[in-house]
Amino acid sequence: MKLFVAVFISMLVCGFLFILIAIGVVSMASSKSEVNINDGSILVLDLSRPVKDFEQPSISFSLNADKLTYSPPNLYEELSMIRYAAKDSHIKALYIKGSENVNGFAASQELRLAIEDFKKSGKKVIAFSPTMTQTAYFVASAADKVYVSPEGGLDWAGMVAQTVYFKGLLDKLDIHPEIFFAGKFKSATEPFRSDKMSDANRLQINVWLGEIYGQVLQGVAKSRGLDTATLHELANEGKIRSASDALQNHMVDGLFYADQVENELRKATGKSEKNDLHLISLDKYNKGADYKDYSGKDRIAVLYAQGEIASGSENEGIQGERYVHLIQDIRKDSSIKALVIRVNSPGGSALASDLIWREIQLTKKVKPVVVSMGNMAASGGYYISCGADYIFAEPTTLTGSIGVFSMMGDASNFLKNRLGITFDAVKTSPHADLGSIARPLTPVERNWMQASVDSVYHTFTSRVAAGRDTSITYIDSIGQGRVWTGLHAQKIGLVDAIGGLDDAIDYAAKQAHSTSYRVSTFPVKQSILSQLLNSDDNRDEDINLKLKATGISPELVDFIDRTRELKAMMNQPQAKMPYELKIR
């Protein structure tokens, strides 16, 4: 009887679950046609909403079926929509809002270019937020008019890149990391072996941060009709302390409240104060605008390689085994004439990077392979990029970081002296417990570890040298773990051209001699049902969101995140971006 009741309840729960799924799917299918774009609509770009290169559908369960939603548009879709809106007779203006821009500099540059293309239509672009950070202003300054509130303000104080160091904490805990690296600029392990930046690390950050800052200054200067020297001086001398300062120095066009900005939007769309504004978000425009072209005869595959590179075949990040199969499928599909890989990754597992690299080499023999770099394509991210036929990057893309490291740890003193935990073992050979946290490495084992890292570094540089048609000696001279901007990477031969994903797709189509094509994206987004059945895939991200929601400081959440990453990096060679920096 108990078994019958349990089975019956399970069937009821499953039935209710699938009814909700069906309601949600029907609701979403019908919502596509229910989104009407009124004449005189204003397209809204919200900078405070993060936009990714690739995102699986987001699921939130409630009795309201609208909560079962598809994923928001990705960066490529947003750029396409802004450009399409320039020709859409229903859209009369673009409105940029958001006090903070949570997107990277390369993505921000692509947004600026799309905004500038929109302006060529003659339609107005207005930006407003009571306050604006520098990163938000970088995008907002491309508008025709920029407004902040009278008691708000504009952050214009220069840029800083900051990282956190854990050596002092490890010393206090009596934990001794065993660190091996190849490349004097390879600073991923620096927070665990030092309490401050090395001279080499400080040098490389000074260079690439200065180049990113230069791009920000040039972009703002061009949009606002100012010169970069003036903007630099305003930041250096701290002259923008209030909204009035921003207005006086021509960085904004007026000090308005929200209702006044609404009146400006009415003027831009030819409406009177009695008329309601028709504001349409990019999410809604994505459902109502017919901006995607499915008519092309050929297919160009765009493979999104976003996140850290790791072994396995799970759904988070760039999982080596999964991406190997994806590239194999793309290679074998005769309807796909070229492959574009959009890389947005700090790197990760050297082994997984090499397996992906191999599949790219095999694919090049069959069809063109082009790489488009996003905010970051560093270390392992560059490893999987270097063998492509052609590489595009944005000026502010962080790339290079051609170097390798490996970490182990000796926590025996901490466990024994602080927790009273000891270990004992029976071994069939002296090194059977290599990598255990219960003991330090022997001198022989340390030599093995360093030799392994050096070997992987040699393989890495040889892959790059072959892909870039140059010598290992030259790659070593610009490698050593050093990070470069996309602009600098082009000068030294690590990148072929400055451009975005659109440029990479167009180039790939030309290389494939295709004049009629459509874009097919990979990985294929999972169905709602698959998302529900694999709802643990984003558990780390969910944990972070929940921690931040409780009021825990972002710094502490980041520390917890770094601790999880440290565990994942142990005991295997890593080709990963040298540090987790906060840039503002």
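Guide: A residue counts as buried when its relative accessible area is under 20%, and as exposed when it is over 50%. Please keep in mind, as we go through the features one by one, that this is a predicted model.

Visitor: Which residues of helix α8 are buried?

Guide: Helix α8 covers residues 228-236, and its buried residues are Leu 231, Leu 234 and Ala 235. These three cover an arc of only 95° around the axis, which puts them on the same side of α8.

Visitor: Why do residues three or four places apart point the same way in an α-helix?

Guide: The general idea is that an α-helix has 3.6 residues a turn, so residues at that spacing point the same way. In this structure, the buried residues of α8 pack against α7, which is the helix at 199-224, whereas the face of α8 turned away from its buried side carries the exposed residues Ala 229 and Asn 236.

Visitor: Which residue caps the N-terminal end of α8, and what follows the helix?

Guide: Asp 227 is the cap at the N-terminal end, with a side-chain oxygen 3.2 Å from the backbone nitrogen of Ala 229. After α8 comes Gly 238, which has a positive phi, near 60°.

Visitor: Turning to Pro 177, where does it lie, and which residues does it touch?

Guide: Pro 177 belongs to strand β8, which spans residues 176-182. Leaving aside residues up to four places away in sequence, Pro 177 is in contact with Leu 170, Phe 192, Met 408 and Gly 409.

How values were computed
Residues numbered from 1 in each chain as written. Predicted model: local features only at pLDDT ≥ 70, side-chain atom pairs only at ≥ 80, totals over all residues. Heavy atoms only, no water. Buried < 20%, exposed > 50% of the residue type's maximum accessible area, 1.4 Å probe, protein only. Helix = DSSP H or I, 4+ residues; strand = E, 2+ residues; numbered from the N terminus. Arc of directions from axis to C-beta. Contact = heavy atoms within 4.5 Å. Polar contact = N/O pair within 3.5 Å; in protein donor to acceptor, adjacent residues only side chain to side chain.
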